[in-house]
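Please have the sequence and the structure open while reading.

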Amino acid sequence: MALLQIAEPGMSAAPHQHKLAVGIDLGTTNSLVATVRSGMSNVLLDEYGHALLPSVVRYLPDGKVEVGHKAQAQQSLDPQNTIVSAKRLMGRGISDIMDIAHLPYRFVDAPGMAQITTRAGVKSPVEISAEILKVLKIRAERALGGELTGAVITVPAYFDDAQRQATKDAARLAGLTVLRLLNEPTAAAVAYGLDNAAEGVYVIYDLGGGTFDVSILRLSKGVFEVLATNGDSALGGDDFDRRIFCWVLEQAKAPPLNAEDTRFLLTRAREAKEWLTDHMEAQITYVLTSDEARGEVINLTLSSGQFNALTQPLVSKTLSAVRRALRDANLTVEEIKGVVMVGGATRMPHVHLAVAEFFGQDPLTNLDPDKVVALGAAIQANILAGNRGQDDLLLLDVIPLSLGLETMGGLVEKIIPRNSTLPVARAQDFTTFKDGQTAMSIHVLQGERDLVSACRSLARFELRGIPPMAAGAARIRVTFQIDADGLLSVSAREQASGVESHIVVKPSYGLSEDAIINMLQTSYASAEEDKKARMLREAAVDAERLIEAIANALSKDGETLLDVQERLAIEQEMKQLKTTIQGNDARAIQTATEALNKATEAFAARRMDVTIHQALTGKNLKTLEI
Amino acid sequence: MAEFNQNHFALFGLPEQFALDSTSLDQNYRRLQSEVHPDRFASASPHERLHSLQIATQVNDAYATLKNPTARARYLLQLQGVDTQEESNTAMPADFLMLQMEWREAIAEASEAEDIPALEHLLKTIRLEAKVLQEQLHIALDENKALHEASAAVRKLAFIDKVRADIEQAIIKLED
């Protein structure tokens, strides 16, 4: 509640404890963690001085899990148990994964999301990502010397609901409190904008390891307003490697490869791509190991011209997305003040050149394209955790893909158009088709196409408990709310009778709540920690957060907005909760937390009224302070 | 939340008319969101977070309505108790129907020929047509109070918006 904790004019603010909050860039190829210290956003290093943690997870024979450089070094020798680019699998079924034939994993098509069989058992991409997040969490807590209040985790702007939910689930598994899911290009804009005091309309071109995003933002006095976003959540630097890999197979006329050779050759392809950033040609040499081709030598030379030609279709694809974003924002190239390059893949000279040509200006690369996302996320995390800094900024982001409902004939009717500013909600009325009908099914989809089959199925909701009426008499209002994280929630109410319908939510993608709880329990067991102790700690953390929020609210508005009795009632519940936290009954803490929460309902409403009133009358709290 | 019973124009401190001071709208929108956005309540109690979500959603809805000329006109008419009947009243003047058919044919032809520049050109033409209608709306709503005429113009604009969306779809299909 950064804005509300303001001292009386002329008085200094009470000493404010600095909260430990981090920004995490959970990347396809590399992941990073950053934090704001003494007003500066910094990337945190591991004990060897590395900023980048390769997003590689290896399950070892002794049951341990290795993450990062060590795992990466072994990926070609142990390809089936070493998972790279797990981000590409987040929230995705097997049928969604392109190039699955070239991936050296043993896939299992589980309901909700593809999973991989490893020597440590079947692992979902959520669990694999959680391993990466755990390592970054430990790195941050070591560097900062305390427990984290929370983290902002970045996601590609073009991630759909299923992919976002999967990311949030991974954070939960890793024991992180997610302050916000933040779109990667928006995070980059924050780091860039604050560093350069930029104003005007900027384009963020973000080509990462596995995803491509383009966002157009208007920067104005600390407000970062996304005007349009577009992209491809399955297009990145990996695809450039794969083009080289396929070219090698074609040139060498190689027989079918085993998993080891596939992984080695993909690595050679990546090395060749990186080499070509500063050189005119790259050598690709490898000796095959499979039974059919043992000892066969591959020795090829790839020129930068050949590489550019091979990958030109990929570059064109990114520029098509840029054109779509410009069209959605109703802007022309001439109106763009600057283009910021983000993501390691933007180092490729022909990508840089294509973007420069398209916009008629040289793109900005003065911040490290690998780090800029994490740096921006840390700034936002610092603000959300309640550390008031000079950076008083506001991010207004959008939903990347339209949200629609299935109608008759397998068609989709859009209810929330893409690029709507978040948070956004839409209420839709439904009625019954038959006399006495008591249930109906609603299918929510995300995407731009008209056909159900061409959009992503997000969830099927069943509305039950509709009072029996004549056909068409019931009026069920269903509200679709998308929050600031870009996540969907649904509520329903039968209007005519006032019956609040009982809704059964069945996500078509992602993990069920049961599955996550199951994983949480397994992870407790493997950490040899008592499950009860963990539950107790989680309950206590929630309770302490609430107590702090209420205490802050009371000290600011308790005098003016509450009468003595009301104030006493709240303080009573607070005292009760504080006592309960001392005990070791998680359930009791939850109950007392809920009671305090309920006791402050009216107070919260009054405080919001005051906030709105002040905003409407233009008496900005910031100006009051001066 | 008494404040939210007032209409979208009052919310942003703007006069209730079609002609729009978009700079004031943008500024007041940003000022409002700076106070009520969920990011301002990240460490507040669950109730305050919920209120903030609801209010920020309403502010976004109001802003989107006023920002879009078709939606703004529709909303103004709604405030006057006029239903624009976009679903039920599909009767259009013959000349407008002819124009519609020409556009539809042009989209089909350009799509067939995979001619993206032709589609882009068509978008520009249609944008100009929309501008003309918006000017008519300004006169009908702000000067003449000709609500039925305005209602008809909104129906035409809704058609045009749909054609625009279809052209954009056609371009996306060709680009893929």
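Domain bounds, as used here, come from an automatic or database domain assignment. The model is a predicted one. In chain B the assignment gives domain 1 (8-67) and domain 2 (94-175). The C-alpha centres of domain 1 of chain B and domain 2 of chain B are 30 Å apart.

On confidence, the average pLDDT of chain B is 88, and 97% of its residues score at least 70. The scores for the model are ipTM 0.89 and pTM 0.85.

Next come the aromatic rings. Over all chains, the structure has nine aromatic pairs. One of them joins Tyr192(A) and Tyr202(A): the ring centres are 6.1 Å apart and the planes meet at 50°, so this pair is tilted. Tyr192(A) belongs to helix H4 (residues 184-196) of chain A, while Tyr202(A) belongs to strand E13 (residues 200-207) of chain A, so the pair ties together parts that are 10 residues apart in sequence.

Are these two residues buried or exposed? Buried means under 20% relative accessible area. Tyr192(A) has 7% relative accessibility and therefore counts as buried. Tyr202(A), at 8%, also counts as buried.

In chain B, ring pairs connect Phe12(B), Tyr29(B) and Tyr63(B) into a cluster.

| Arginine | Ring | Distance from ring centre |
|---|---|---|
| Arg607(A) | Phe603(A) | 5.8 Å |
| Arg72(B) | Phe18(B) | 4.4 Å |

Conventions: Residues are numbered from 1 along each chain as its sequence is written. Chains are lettered from A and ligands numbered from 1 in the order in which they are written. This is a predicted model: local features need pLDDT of at least 70, side-chain atom pairs count only at pLDDT 80 or more; totals for chains, interfaces and linings use all residues. Side-chain values use heavy atoms; hydrogens and water are left out. pLDDT is the predictor's confidence in each residue, from 0 to 100. Rings of Phe, Tyr and Trp (its six-membered ring) pair if their centres lie within 6.5 Å; planes under 30 degrees apart count as stacked, over 60 as edge-to-face and the rest as tilted. Helices (H or I, at least four residues) and strands (E, at least two) are DSSP runs, numbered from the N terminus. Buried means under 20% relative accessible area, exposed over 50%, partly exposed in between (1.4 Å probe, protein chains only). A charge sits over a ring if NZ of Lys or CZ of Arg is within 6 Å of the ring centre and within 35 degrees of the ring normal.
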